[in-house]
Amino acid sequence: MLCFKKTKNVFKRSSKNAVKLNHFYHPAELIQALNEFVENYNNNRYHEALNNLTLADVYYERSDKILKQRTIIKQTLSDFLQESAQFSLKIYRTAKNKAIHYSDRGLQYCSEYYQLLY
């Protein structure tokens, strides 16, 4: 069983809650539930105290690789969002300029029509 000092109290509290909230009618059911809990706690649950990594990632020294991948993904996403924001701004400015142009032409047509009437 993996259990680091930083997450030990959380493990105790969580496992206690998992046992107390369920009814077990045979000791084998309790053992199976505890094994499933430990498996989930070590391999699937991300721990904030461990930089949002699982215990298995830290134990098997995969943390550096995972953190590097996260920074690459964050940078790629940031670049993409920046480019899309600039693109959206260009579209907005183009649409705004065309709208101003069309509204000016509309005013011109209205004034010409007004002059024809009077």
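Asn52 is partly exposed, with a relative accessible area of 39%, where partly exposed denotes the range between buried (under 20% relative accessible area) and exposed (over 50%), for a 1.4 Å probe and protein chains only. The structure is a predicted model, in which local features need pLDDT of at least 70 and side-chain atom pairs count only at pLDDT 80 or more, whereas totals for chains, interfaces and linings use all residues. Residues are numbered from 1 along each chain as its sequence is written, and side-chain values use heavy atoms, with hydrogens and water left out.

Asn52 lies in the loop between H2 and H3, helices being DSSP runs of H or I of at least four residues and strands runs of E of at least two, numbered from the N terminus. Although Asn52 is not a glycine, its phi is positive, at about 55°. The loop between H2 and H3 also holds Asn51, a residue other than glycine whose phi is positive and near 65°. Most residues other than glycine have a negative phi. Asn51 has a relative accessible area of 45% and is therefore partly exposed.

A further residue of the loop between helix H2 (27–43) and helix H3 (55–59) is His47. With a relative accessible area of 3%, His47 is classed as buried. The side chain of His47 reaches the backbone oxygen of Tyr41 at 3.3 Å, within the limit for a polar contact (a pair of N or O atoms within 3.5 Å; within protein, one must be able to donate a hydrogen and the other to accept it, and residues adjacent in sequence count only if both atoms are side-chain atoms).

Tyr41 also belongs to the largest nonpolar core, which comprises five residues: Phe37, Val38, Tyr41, Leu50 and Leu55. H2 gives the most to this core, with three residues. Such a core is a set of buried Ala, Val, Leu, Ile, Met, Phe, Trp, Tyr and Cys residues joined through side-chain atoms within 4.5 Å. In soluble globular proteins, nonpolar side chains tend to be buried together.

Asn43 is located in helix H2 and, at 34% relative accessibility, counts as partly exposed. The side chain of Asn43 makes a polar contact of 2.7 Å with the side chain of Glu39. When neighbours within four places in sequence are set aside, Asn43 is in contact with Thr54 and Ala56, contact meaning heavy atoms within 4.5 Å. The C-alpha atoms of Asn43 and Leu53 are separated by 9.4 Å, the two residues being ten apart along the chain.

In helix H3, Asp57 is buried, its relative accessible area being 11%. One salt bridge is found in a search of the whole structure; the term denotes a side-chain nitrogen of Lys or Arg within 4 Å of a carboxyl oxygen of Asp or Glu. The side chains of Arg62 and Asp57 meet in a salt bridge at 3.1 Å, N to O. Arg62 counts as partly exposed because its relative accessibility is 37%. Not counting residues up to four places away in sequence, Asp57 touches Arg62, Ser63 and Ile66. Between the C-alpha atoms of Asp57 and Asn44, which are 13 residues apart along the chain, the separation is 9.8 Å.

Phe80 is found in helix H4 (residues 63–117) and counts as exposed, at 52% relative accessibility. Together with Leu77 and Leu81, Phe80 makes a nonpolar surface patch of about 320 Å². Patches are made of residues with over 30% relative accessible area and no salt bridge, like charges being joined within 9 Å and nonpolar side chains (Val, Leu, Ile, Met, Phe, Trp, Tyr) within 5 Å.

Over the chain as a whole, four helices and zero strands are present, and the pattern read along the sequence is α-α-α-α. Of the 118 residues of the chain, 14% count as buried. The chain exposes about 10300 Å², of which carbon and sulfur atoms supply 56%. Among contacts in the chain between residues at least 6 apart in sequence, 38% join residues at least 24 apart.

Conventions. Accessible areas come from the Shrake-Rupley method with a 1.4 Å probe; for residues, only the protein chains shown count as cover.
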